[in-house]
Amino acid sequence: MTTLTQTFKIADSLREGTKYSFCPGCDHGVAIRLIAECIDEYNLRDKAILTASIGCSVTAYDFLDVDSIEAPHGRALAEATGAKRARPDKFVFTYQGDGDFASIGLAESMHAALRGEKLTAICINNTTYGMTGGQLGPTTLLGQITTTSPSGRNLEYYGYPIKIAEHIALCDGTAYSARVSLDTVPNIRKAKQAIKKAFEAQLNGLGFGFVEILSTCPTNWKMTPQQAHARVREQMMEVFKPGVYKDITENKEN
């Protein structure tokens, strides 16, 4: 009998021995691993500065072995702007949730893109406020039940969910804006390529780079990991279409 074995290399930019703190089936772990791999591939570990603010995303600095700043809720891109302007030689990026990026921090997010700040922003969209108990957020789908919308998101009362990647793409200072998901291996590969493009937007001084990542939240959705990934495919992708919404990293604009 032949035994097949494969060795997986842990990214150098991931801290060794960190206890996994996310819920079972959560996609934050995959997203952080992809970011770490991109940091290594571009040899950015010694010049990277991570800014993360309140929410599940804030624990990114427990896993990524780079210099980090914790921001107040919604202010990650304000702090990142200050860091980049003070140290333009550094690679500055944010790791945020959808509530942080597109609700309390929407002004900071949009204006960083409008100014064309040479930053990279990664936003995890799981359609809820995950860390604080599963409340309705800016990306909550119509009809979705949350702790603050027990009858489901009502259009007349709450309005529509925001489509972040499309809005960021409309900002003149944006060099790259894309939406990806982590529900399958092929889509994980596409997500990594999008993160690399957003990195290149900053590295080549082109402007603001942004990636929205569709992610699961099995605990607050009250689903198994398998059910949660099915929901991403069957419900979230119907509203939040994966794709590249703007790309001038190769002297082209979509």
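Me: Before I look for bonds between cysteines, what counts as a disulfide here?

Reply: A disulfide is taken as a pair of cysteine sulfur atoms within 2.5 Å. In general, a disulfide is a covalent bond between the sulfur atoms of two cysteines. This is a predicted model, in which local features need pLDDT of at least 70 and side-chain atom pairs count only at pLDDT 80 or more, while totals for chains, interfaces and linings use all residues. Residues are numbered from 1 along each chain as its sequence is written, and side-chain values use heavy atoms, with hydrogens and water left out.

Me: How many disulfides does a search of the whole structure find, and why is cysteine 171 without a bond?

Reply: The search finds zero disulfides. Cysteine 23, for instance, is in no disulfide, since the nearest cysteine sulfur, that of cysteine 26, is 6.5 Å away. The sulfur of cysteine 171 has its closest cysteine sulfur in cysteine 123, at 14 Å, and this is too far for a bond.

Me: Which residues touch the most other members of the largest nonpolar core?

Reply: A nonpolar core is a set of buried Ala, Val, Leu, Ile, Met, Phe, Trp, Tyr and Cys residues joined through side-chain atoms within 4.5 Å. The largest one has 38 residues, of which Ile35, Leu64, Phe93, Tyr95 and Ile213 touch the most other members. Among the elements giving two or more residues to this core are α1 (28-41), β3 (91-97), α8 (185-203) and β6 (208-214); helices (H or I, at least four residues) and strands (E, at least two) are DSSP runs, numbered from the N terminus. A second, separate core of 19 residues includes Ile49, Val92, Ala112 and Ile164.

Me: With what is leucine 64 in contact?

Reply: Contact means heavy atoms within 4.5 Å. Leaving aside neighbours within four places in sequence, leucine 64 is in contact with Ser13, Leu14, Arg15, Ile32, Ile35, Ala36, Leu50 and Phe93.

Me: How do I check the span of α1, and which of its residues are buried?

Reply: The expected span of a helix is 1.5 Å times one less than its number of residues. For the 14 residues of α1 this should be 20 Å, and the end C-alpha atoms are 20 Å apart, which agrees. An α-helix has 3.6 residues a turn, so residues three or four places apart point the same way. The buried residues of α1 include His28, Ala31, Ile32, Ile35 and Ile39, and what covers the buried residues includes α2, β3, β4, α8 and β6.

Me: What follows α1?

Reply: Asparagine 43 does, in the loop between α1 and β1. Asparagine 43 has a positive phi of about 55° although it is not a glycine, and is exposed, with a relative accessible area of 67%. Lysine 222, in the loop between α9 (218-221) and α10 (225-239), likewise has a positive phi, about 60°, without being a glycine, and is exposed at 71%.

Technical notes:
Buried < 20%, exposed > 50% of the residue type's maximum accessible area, 1.4 Å probe, protein only.
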